[in-house]
Amino acid sequence: MGPVKRSLFSCLYQYIHFLMILWVKCWGRPGMESWIRFAEKGLSGIRKAYGGSALLSFPRPDSLRTSCYDLVFPSPLIFAAFKDQLDVIEFWINLGMGGGCIKTILATPHEGNPYPRLQPVSINGQAHLINALGLPGKGVKGLQEALTARSFLQHQHVPIGISIGGRSVDEYIQVATEMNEWLKTQPSTQVYFEINISCPNIAKGKSLAQQVDVLDGLLKAIRAVTDRVIFVKVSPDESDAQLCKIAETLQLFPKMGINAGNTQYRTCTSLGLADQAISVGGGGLSGPSLFKRTYEVVQLLSNYQLPIIATGGISKIEDIIQLKEAGALLFGMATQLVMDPFCIPKLNQQLSQVKKNV
Ligand SMILES: Cc1cc2nc3c(=O)[nH]c(=O)nc-3n(C[C@H](O)[C@H](O)[C@H](O)COP(=O)(O)O)c2cc1C
């Protein structure tokens, strides 16, 4: 029954998604962001209306349990930091995600870049996204309120990451410190931090990656306030030499990991889009074309004593197998979850099959 149910929902979702993208391409309005939110609200609505758990729940095979320091992921498939809508995150966890990271937050509420700031792009017939959201969000207090209102950390029994952003070193430290203080009052210990030093869509979003001594100072300051697991998320746009310097720095700290990686910066025109398809003329490309670089970066980083999250371009089981063989422990996904979240139970099933056959 499971595979049939999954295939039915997957077909239905992909059909509606295809119509949505067609609509955006023909009419432009409402933009891609509104459509995606509309689809997600619909799914959350169905979940609520039908008691949720049974209809849209898929078990994770036990064999997929993956440990990283004191975190235990029931599956190595995790959602990458790109959503802060907790209803959607709950929906993915119910589908079988082993955990994942909430979208990057800044210290205070932030509007992000002007619209349009998200567009679908087809490359070699495969669906991609380009975004320049610019880290819109509720800020630290807003996120804490949202988590409290849903008793989120109490109910979700998978590791949850908080992606820390900043427009200055002080802001990164402020976000990490305030979140850490608040987390001490919460029931779950399965919470980790992910420091985003790879955002192509805000000024200075990647500057820490280019100043390893400053990154070192930031990590010392954050380590002084927390002993939680910390991942640092790097950009595929960094050179190999710079990525090695970052990895060398991270190795000096306890309970650190590295996430490879974020979106790749592209201009709209380089992707065959109108210059203003994204209001700021370009943004981060995500989707299958990132895979080649993700694989290269994972191979490079496997030379260091750091657990690796592989993120970027994962869409099928073959990608995961290749990245696992290259040294990745966990597998982050974003674009494929927008295209078809029902890939989660399918990939979990395929992964458990692979484990059985090893
Ligand atoms: C709409 C959108 C918003 C994103 N926002 C964030 C963010 O806030 N923080 C972050 O670290 N990465 C962000 N990302 C990057 C994703 O987490 C992920 O690293 C990237 O999309 C590559 O993975 P994918 O090819 O599976 O999409 C965003 C990606 C998308 C598409």
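Biologist: Which residues come nearest to the ligand?
Modeller: Ala80, Phe82, Ser286, Ala334 and Thr335 come nearest, out of 26 residues around the ligand, where a residue is near if its C-beta atom, placed from the backbone, lies within 6 Å of the molecule. This is a predicted model, in which local features need pLDDT of at least 70 and side-chain atom pairs count only at pLDDT 80 or more, while totals for chains, interfaces and linings use all residues. Residues are numbered from 1 along each chain as its sequence is written.

Biologist: Which strands and helix each supply at least two residues of that shell?
Modeller: Strand S4 (100-105), strand S6 (126-131) and helix H12 (335-339) do; helices (H or I, at least four residues) and strands (E, at least two) are DSSP runs, numbered from the N terminus.

Biologist: Switching to the largest nonpolar core, which residues touch the most other members?
Modeller: Trp92, Ile258 and Phe331 do, among 97 residues, with a nonpolar core being a set of buried Ala, Val, Leu, Ile, Met, Phe, Trp, Tyr and Cys residues joined through C-beta atoms within 7 Å. The largest share of this core, 6 residues, comes from helix H3 (residues 86-95).

Biologist: And which residues of H3 are buried?
Modeller: Val88, Ile89, Phe91, Trp92, Ile93 and Leu95 are, a residue being buried if 20 or more other C-beta atoms lie within 10 Å of its own, exposed if 12 or fewer, and partly exposed in between. Their cover includes H2, strand S3 (77-79), S4, H12 and helix H13 (343-357).

Biologist: What is Trp92 in contact with, leaving aside its neighbours within four places in sequence?
Modeller: Trp92 is in contact with Phe79, Met97, Leu337, Pro341 and Ile344, where contact means that the C-beta atoms, placed from the backbone, lie within 7 Å.

Biologist: At what angle do H2 and H3 pack?
Modeller: Helix H2 (residues 32-49) and H3 pack at about 65°, with their axes 10 Å apart; axes are lines fitted to C-alpha atoms, for helices over the stretch in contact, and angles run from 0 to 180 degrees between N-to-C directions. On the H2 side Glu40, Leu43, Ser44 and Arg47 take part, meeting Asp87, Val88 and Phe91 of H3.

Biologist: One more, about Lys233: why does it count as buried?
Modeller: Lys233 counts as buried because it has 27 C-beta neighbours inside 10 Å. Lys233 lies in strand S9 (residues 230-234), and, leaving aside its neighbours within four places in sequence, its contacts include Glu194, Ile195, Asn259 and Gly261.

Note on methods. Contact = placed C-beta atoms within 7 Å.
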